Amino acid sequence: MKKIVHTISYLEFDSIEELSPTDRELLKLAGQAAITSHAPYSHYHVGAAVRLANGKVFTGSNQENMAFPSGLCAERVAVFYAAATCPDIPMETLAITARADFFEVCDPVPPCGMCRQAIIEYEFKFNRKIRLILSGEKGKIFLIEGMDTLLPLTFHEKGLIK
Ligand code: THU
């Protein structure tokens, strides 16, 4: 028996001004996308923006439903929109942010588990990491160099084949 330890590392920025101009722009687009959220139940408005390798940007926001599981997170709306529109172009960077109606979002917004699994699918598809920029309305910003950082021991298609 042996103990296996996984560690993760990422960059932490104090403000959006520390990001590169292209990353800053992407995060701003994610913030604008949050305005289009349909969140009458949680009052939590998430915005996501994914930049593809060809520079095209696709945005998404969380779309809730009165039958709760029928709704979808902002990240999957953005990433599926990109994948359905440009199926052959790898994804380069995904920015995520949120605002809430009744409190200030002061911590970077991490993707939920289902979104992690959905997003990593495109890392495998293109054999290329997707950079993640996570932000709240204020406070620190995290830059993570790939979804594999947030999803160690990922379920992989190899598990489906003998
Ligand atoms: N939400 C996202 O859009 N992305 C996440 O990664 C976590 C949660 C949405 C789902 C729901 O509409 C609201 O935030 C509260 O959970």
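Trainee: Let me start at one residue. Is Asn127 buried or exposed?
Mentor: Asn127 counts as exposed, at 71% relative accessibility. Keep in mind that this is a predicted model.

Trainee: Where does Asn127 lie?
Mentor: Asn127 lies in the loop between helix 3 (113-126) and strand 5 (131-135).

Trainee: And what is phi of Asn127 near?
Mentor: Phi of Asn127 is near 50°. That is a positive value in a residue other than glycine.

Trainee: Which other residue has a positive phi although it is not a glycine?
Mentor: Look at His43, with a positive phi of about 60°. His43 is found in the loop between helix 1 (21-34) and strand 2.

Trainee: What is the relative accessible area of His43?
Mentor: The value for His43 is 28%, so His43 is partly exposed. The cut-offs matter here: buried means under 20%, and exposed means over 50%.

Trainee: New topic. Which residues surround the ligand?
Mentor: Ser42, Tyr44, Val46, Asn62, Glu64, Cys73, Ala74, Glu75, Pro110, Pro111 and Cys112. By class, that shell divides into 7 nonpolar, 2 polar and 2 charged residues.

Trainee: Which polar side-chain atoms lie within a few Å of the ligand's oxygen atoms?
Mentor: Take Asn62, Glu64 and Glu75 in turn. A polar side-chain atom of Asn62 is 2.9 Å from a ligand oxygen atom. For Glu64, the distance to an oxygen atom of the ligand is 2.5 Å. For Glu75, it is 2.7 Å.

Trainee: How much of the ligand does the protein bury?
Mentor: The protein buries 75% of the 370 Å² that the ligand exposes when taken alone.

Trainee: Which elements give two or more residues to the shell around the ligand?
Mentor: Strand 2 (44-52) and helix 2 (74-85).

Trainee: Okay, pockets. What volume does the largest pocket have?
Mentor: The largest pocket has a volume of about 150 Å³.

Trainee: Which residues line the largest pocket?
Mentor: The lining is Gln117, Ile120, Glu121, Phe124, Lys125, Phe155, His156 and Glu157.

Trainee: How does that lining of the largest pocket split by class?
Mentor: The lining has 3 nonpolar, 2 polar and 3 charged residues.

Technical notes. Residues numbered from 1 in each chain as written. Predicted model: local features only at pLDDT ≥ 70, side-chain atom pairs only at ≥ 80, totals over all residues. Heavy atoms only, no water. Near = heavy atom within 4 Å. Polar contact = N/O pair within 3.5 Å; in protein donor to acceptor, adjacent residues only side chain to side chain. Areas by Shrake-Rupley, 256 points an atom, 1.4 Å probe, with all protein chains shown as cover. Helix = DSSP H or I, 4+ residues; strand = E, 2+ residues; numbered from the N terminus. Nonpolar A, V, L, I, M, F, W, Y, C, P; charged D, E, K, R; others polar. 1 Å grid on protein atoms, 1.4 Å probe; cavity = no way out; pocket = protein on both sides within 12 Å on 5 of 7 lines; lining within 4 Å. Points joined across faces, edges and corners; volume = space filled by probe spheres on them. Buried < 20%, exposed > 50% of the residue type's maximum accessible area, 1.4 Å probe, protein only.
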